Amino acid sequence: MPQFSFEPEKNGHKSFELPGAKPHYNPDRPGQVEHIRLDLVLDIPKQQYQGTCTIQLNPVRSGIDRLTLDAVNLTIASVTVDSINQPFDYDGEQLHVQLKQPTETGTVLALAIAYSVDQPQRGLYFIAPDEHYPDKPIQVWTQGEDEDSRFWFPCFDYPGQLATSEIRVRVPKPLLAISNGELIGTEDDGDHKLYHWYQKQVHPTYLMTLAVGDFVELQDEWNGKPVTYYVEKGKEKEARLSMGKTPRMIEFFSEQYGYAYPYPKYAQVCVSDFIFGGMENTSTTLLTDRCLLDDRAAIDNRNTESLVAHELAHQWFGDLVVIKHWSHAWLKEGMASYSEVMWMDHEYGADEAAYYRLGETRNYLDEDASRYRRPIVTHVYREAIELYDRHLYEKVPVSTT
Ligand SMILES: [Zn+2]
């Protein structure tokens, strides 16, 4: 269609837009999601889990009789509203709920979806040793950004929808379960343990997380708030070397941004086989365990320090202030990348910061010269993840300074 094949002035550059790219918009909102509660039971050996996702929805108007949720490759057992069974259709990508009682303005409904997942391919990952990697730890972790939360729980999966959240999860002992917000309770259940985490500040679905493993917890603090590092047992020293500056960074960014770190704790969990370097889930960043430095690497490797600063900066830019649409992800990624430069300047001085910024400049210019040139804000793509390029991260610090 001609209106979709708009091509910006390319100046001899290749097109950013892949075949099939089209404009993307947030869907119509049936209401404000006020709270999301997940109750999950993990069967780690079988790489399965089952549970209930309960969504408190405050409808935008009366008379809505159909709700559409994102839910990919889940097995849906039942859907209820205020405990009454509702008819639904599920095509493996979207869950359509036919409401027996249409919505009424001002009446919040509790939509409860019982579901299970068998060997998920995205969203939630089971990590286990195998014949090729017999030393691999047993872990479970999630990755929501950008549109993968729908692979691990049914939701209205777009960043403009902000809610409080809680996760209750049953895991085999001695594994720990870490999630957003505060640990409000634990319960022993024979060979298992229930962890109950509660996040009082609103956030989008892509920042909800769960990490389970036989971790050791190392404790620090900033202004009375727990700052914790979770690593596999035996990696305690590497954890301190790699993440030990976190309280000072929290202090620095709180001052620089003029807004104190807003969450009740800050946890960093180093997980195995993580698909990115790090992910800034609200108050609970996940990091690849490959970022852990030993004595020798800590001498001159600042990549981990930059990664720690980047994900921490997102707690303000991305998590506290949330983009409304993926086309604006440059706001949070650009600011987090610029915050790496700010930390370099604070910690190592202006020359080191200038050199660091030069590296970022070169990354961006390389992409501009060899791959494509694109508008920094664009909603034309196939999948939002295509936007996470050097224009998104590095161009903003280059332009800012
Ligand atoms: Zn980032």
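The model on screen is a predicted one.

Stop 1: In the contact, domain 1 takes part with 28 residues and domain 2 with 24 residues.

**Stop 2: the area between domain 1 and domain 2.** About 2,100 Å² is buried between these two domains. Carbon and sulfur atoms give 59% of that area. Next, select Trp141, Gln143 and Ile178 in domain 1. Of the area that domain 1 buries against domain 2, these residues supply 24%, more than any other three residues.

**Stop 3: two helices.** Two packed helices are described by the angle between their axes and the distance between the axes. Select helix H2, residues 246-257, together with helix H4, residues 303-314. Their axes are 10 Å apart, and the helices pack at an angle of about 45°. H2 and H4 are therefore oblique to each other. Their crossing is right-handed.

**Stop 4: the side chains between H2 and H4.** Show the residues of H2 that meet H4: Thr246, Met249, Ile250, Phe253 and Tyr257. On the H4 side, show Glu305, Val308, Ala309, Leu312 and Ala313. Which classes of residues does the contact of H2 with H4 have? By class, there are 8 nonpolar, 1 polar and 1 charged residues.

Key
Residues are numbered from 1 along each chain as its sequence is written. This is a predicted model: local features need pLDDT of at least 70, side-chain atom pairs count only at pLDDT 80 or more; totals for chains, interfaces and linings use all residues. Side-chain values use heavy atoms; hydrogens and water are left out. Axes are lines fitted to C-alpha atoms, for helices over the stretch in contact, and angles run from 0 to 180 degrees between N-to-C directions. Helices (H or I, at least four residues) and strands (E, at least two) are DSSP runs, numbered from the N terminus. Angles under 35 degrees count as roughly parallel, over 145 as roughly antiparallel, 65 to 115 as roughly perpendicular and the rest as oblique. A crossing is left-handed if the near helix is turned anticlockwise from the far one by less than a right angle, and right-handed if clockwise. Contact means heavy atoms within 4.5 Å. Ala, Val, Leu, Ile, Met, Phe, Trp, Tyr, Cys and Pro count as nonpolar, Asp, Glu, Lys and Arg as charged, and the others, Gly among them, as polar. Buried area is the accessible area (1.4 Å probe) that two parts lose on being put together, summed over both.
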